[in-house]
Amino acid sequence: MDTPFFSIIIPTRNRYETLKYAILTVLIQDYKSFELIISDNSDEEYLSRIEVISECLSDVRIKYHRPSTVLSMSDNWEYAVSKST
């Protein structure tokens with residue numbers, strides 16, 4: 001029997017401080033068979049703050065994506081879902 005697997009989606013925009021804690025909350029769970037999809041729709045000036053979460057991104061279960069254009073919140077959700085396996 002295969003181990004259950006699921007995706008956790010976090011669409012974000014200009015909220016690196018909050019994003020860091022959202023990621024850490026996911027990572028401390030006992031269940032480990034998941035992927036975490038982050039869709040970062042932040043403005044260019046906020047990208048320099050990625051170091052706030054860079055240490056979290058080393059986990060192979062975390063997939064960080066950045067859309068090529070600014071998206072609405074609902075489109076950012078859809079973009080993130082499209083990146084899940």
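1. Cys56 is placed in the loop that runs between helix 2 (51-54) and strand 3 (62-65). The model discussed in this note is a predicted one. With a relative accessible area of 6%, Cys56 is buried, because the buried class covers values under 20%. Beyond its neighbours within four places in sequence, Cys56 is in contact with Lys20, Ile23, Leu24 and Ile62. One of these residues, Leu24, is 32 residues apart from Cys56 in sequence, yet the C-alpha atoms of the two are 7.5 Å apart in space.

2. Three strands form an open sheet in the order 1-2-3, and their pairing is parallel. Strand 1 and strand 3 stand at the edges with a single partner strand each, so one side of each has no neighbour in the sheet. On average, neighbouring strands of this sheet are turned by 15° against each other, direction ignored.

3. How many bridges join strand 1 (residues 6-12) to strand 2? Seven bridges join these two parallel strands, and within this pairing Ile9 has Ile37 of strand 2 as its bridge partner. Strand 2 is joined to strand 3 by four bridges, and these strands also run parallel. Here Ile37 stands opposite Lys63 in strand 3.

4. Strand 2 and strand 3 are joined by four bridges. Helix 1 packs on the sheet and touches strand 1, strand 2 and strand 3, its direction making about 175° with that of strand 2. Helix 3 also packs on the sheet and touches strand 1, strand 2 and strand 3, its direction making about 145° with that of strand 1.

5. Within helix 3 (residues 73-82) lies Asn76. Is Asn76 buried or exposed? Its relative accessibility is 1%, and Asn76 therefore counts as buried. Not counting residues up to four places away in sequence, Asn76 touches Pro11, Thr12, Ser39, Asn41, Pro67 and Leu71.

6. Ser42 belongs to the loop between strand 2 (34-40) and helix 2. Ser42 has 3% relative accessibility and counts as buried. The side chains of Ser42 and Asp40 are joined by a polar contact of 2.5 Å. Setting aside residues up to four places away in sequence, Ser42 touches Thr12, Arg13, Asn14, Tyr16 and Arg66.

7. Ser7, in strand 1, is partly exposed, with a relative accessible area of 28%. Which residues does Ser7 touch, not counting those up to four places away in sequence? They are Glu35, Ser84 and Thr85. The side chains of Ser7 and Glu35 are joined by a polar contact of 2.5 Å. Ser7 and Val26, 19 residues apart in sequence, are 11 Å apart from C-alpha to C-alpha.

8. The structure holds three salt bridges. Side chains of opposite charge can pair when their charged atoms come close. One of the salt bridges is formed by Arg13 and Asp43, whose closest N and O atoms are 2.6 Å apart. This pair links distant parts of the chain, 30 residues apart: Arg13 is in the loop between strand 1 and helix 1, and Asp43 is in the loop between strand 2 and helix 2. Arg13 is partly exposed at 35%, and Asp43 is partly exposed at 22%.

9. Glu35 forms a salt bridge with Lys63, with 2.8 Å between the closest N and O atoms. Because Glu35 lies in strand 2 and Lys63 in strand 3, the pair ties together parts that are 28 residues apart in sequence. Glu35 is buried, with a relative accessible area of 1%, whereas Lys63 is partly exposed, with 30%.

10. Asp59 forms a salt bridge with Arg61, the closest N and O atoms lying 2.7 Å apart. Why do these two residues count as buried? The class requires a relative accessible area under 20%; Asp59 has 19%, and Arg61 has 18%.

Methods:
Residues numbered from 1 in each chain as written. Predicted model: local features only at pLDDT ≥ 70, side-chain atom pairs only at ≥ 80, totals over all residues. Heavy atoms only, no water. Buried < 20%, exposed > 50% of the residue type's maximum accessible area, 1.4 Å probe, protein only. Contact = heavy atoms within 4.5 Å. Polar contact = N/O pair within 3.5 Å; in protein donor to acceptor, adjacent residues only side chain to side chain. Pairing = 2+ DSSP bridges. Axes fitted to C-alpha atoms, helices over the stretch in contact; angles between N-to-C directions. Salt bridge = Lys/Arg side-chain N within 4 Å of Asp/Glu carboxyl O.
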